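Please take the points one at a time and find each residue as you go.

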Amino acid sequence: MSDKSKLTLGESGIYDAKGLGAPKVALLGLQHMFAMFGATILVPMLTGLDVSTTLLFAGLGTLLFHLITKGKVPAFLGSSFAFLGGYAAIAPMQDAAGGALDNSRLLPYACFGVACAGLMYLLLSLLIKLFGTGKVMKFFPPIVTGPIIIAIGLTLSSSAIGNCSTDWFIAVTAIVLVVACNIWGKGMVKIVPIIIGVLGSYLLAAVLGRVDFAQVASADWIGFPVHWEKTAFWAFTDGDWSLLVTSVITIMPIALATMVEHIGDVSAISSTVGKNYIKDPGLHRTLLGDGLATILAAMFGAPANTTYGENTGVLSLTKVFDPLVIRIAAGFAILFSFCPKFAAVIGCMPAATVGGVSLVLYGMISAVGVRNIVETRCDFSKSRNVIVAALILVLSIGINYSAAGAVAFTLGSITIKFSGLAVGAIVGILLNAILPGKDYVFNDEVPDKTGVSFAVKGN
């Protein structure tokens with residue numbers, strides 16, 4: 001491939017970014033770090049975990065994932081929101097009356113439960129390796145994965161709207177900058193719309209006096225991001241074995257939802273990039289990488305890792321698909337994890353800026369799900385397909401926005417909660433497996449554009 005073809009900003013995208021030059025590639029990596037930053041640091045802010053530790057293991061987890069997947073999949077691993085309910089159950093930050101609690105002693109136990117949830121990924125990876133991708137992927141046709149991808153974006157949408165509502169002027173500024181740069185921008189402006197949207201709206205907010213930089217002034221320039229008393233290892237020295245067992249039983253079932261999310265995310269990345277990552281490097285490798293990254297992060301006191309939809313949205317916007325750019329973003333995350341002052345600068349970023357950028361990116365995730373359904377020609381004249389898609393969407397979104405926010409059941413004295421996405425995914429998978437009239441077969445030898453090929457039988 002010539003340098004000229006590599007640099008073409010067409011629909012096919014850029015698969016080798018080296019021809020852009022080191023400065024531009026570094027800027028692209030920085031954009032991916034910015035894209036994941038807001039959501040990634042939000043999880044420790046909501047749970048009481050450490051922001052710098054989170055950044056470190058997001059970077060290390062991403063590099064580990066790329067190592068295991070042979071450096072082929074342009075995925076960034078950031079903090080998983082799916083486990084927030086698990087952290088809240090084991091280490092709540094508020095009491096029933098809404099008063100603040102010091103949950104620092106309980107967090108290591110929650111982290112141990114998350115690490116055990118990561119073992120579920122390893123088990124599924126082993127099963128795929130032993131029995132083949134087709135035996136598993138027949139449960140995940142586009143009529144299942146498409147609506148799941150759509151639901152992932154839509155269930156995240158409320159957080160984007162909530163952040164935007166703090167200052168709609170700043171949020172709209174971010175949105176306008178991202179859209180304008182992506183549609184009318186030329187050269188690098190078209191490739192880095194997220195950075196421009198973030199910096200432009202952040203600077204405007206600062207000029208208008210809407211940013212409080214007090215925490216930046218008090219933050220140190222250099223600091224080690226790992227703290228022993230916040231790691232899962234510390235829970236063993238504390239020695240509350242009952243709490244350890246409770247955390248495992250409470251948090252491990254969440255992996256049922258996150259593994260389905262993983263398959264949906266890999267499908268979304270495949271669809272966006274136009275390569276079949278489920279076949280090569282293989283779903284067993286992507287699951288193994290995600291699972292090991294989650295175990296590593298949780299054991300050292302960081303949130304569970306997951307393939308990040310924000311960065312998939314950036315891929316879709318920029319058309320730069322080189323995994324090297326993601327690894328550079330991981331390097332930046334590791335570097336900045338040792339600088340508490342930088343984390344404070346980003347922590348001061350207006351919620352409206354994060355909301356405005358997220359509004360675009362979350363919408364892109366759902367749009368990729370729609371594309372997945374369209375390009376695989378799912379037949380919605382068949383009632384069984386309509387029912388499967390409808391229940392996935394209604395359950396995933398409806399439960400998420402219900403008063404309870406989850407489906408809960410008790411196991412002895414322990415309450416286990418399943419998110420709307422978990423319920424929707426499980427119901428969709430079961431219905432698709434049970435209902436007659438399947439019109440697809442998995443064929444990883446002849447993938448289509450989406451990277452998830454289910455050839456229609458007959459015609």
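The points below cover a helix, the loop after it, and the cysteines.

1. First, some ground rules: this is a predicted model, in which local features need pLDDT of at least 70 and side-chain atom pairs count only at pLDDT 80 or more, while totals for chains, interfaces and linings use all residues. Residues are numbered from 1 along each chain as its sequence is written, and side-chain values use heavy atoms, leaving out hydrogens and water.

2. After α16 comes Lys-319, with a positive phi near 65°.

3. Now find Asp-322, in the loop between α16 (309-318) and α17 (323-337). Beyond its neighbours within four places in sequence, Asp-322 is in contact (heavy atoms within 4.5 Å) with Ile-14, Tyr-15, Asp-16, Ala-17 and Lys-18. A polar atom of the Asp-322 side chain also lies 3.0 Å from the backbone nitrogen of Leu-324.

4. Asp-322 is buried but has no salt bridge (a side-chain nitrogen of Lys or Arg within 4 Å of a carboxyl oxygen of Asp or Glu). Its nearest side chain of opposite charge, Lys-18, is 4.6 Å away.

5. How many disulfides are there? The count is 0, taking a disulfide as a pair of cysteine sulfur atoms within 2.5 Å. Cys-181 counts as buried because its relative accessibility is 9%, and Cys-339 counts as buried at 15%.

Technical notes. Helices (H or I, at least four residues) and strands (E, at least two) are DSSP runs, numbered from the N terminus. Buried means under 20% relative accessible area, exposed over 50%, partly exposed in between (1.4 Å probe, protein chains only). Lys and Arg count as positive and Asp and Glu as negative; His and the chain ends are not counted. A polar contact is a pair of N or O atoms within 3.5 Å; within protein, one must be able to donate a hydrogen and the other to accept it, and residues adjacent in sequence count only if both atoms are side-chain atoms.
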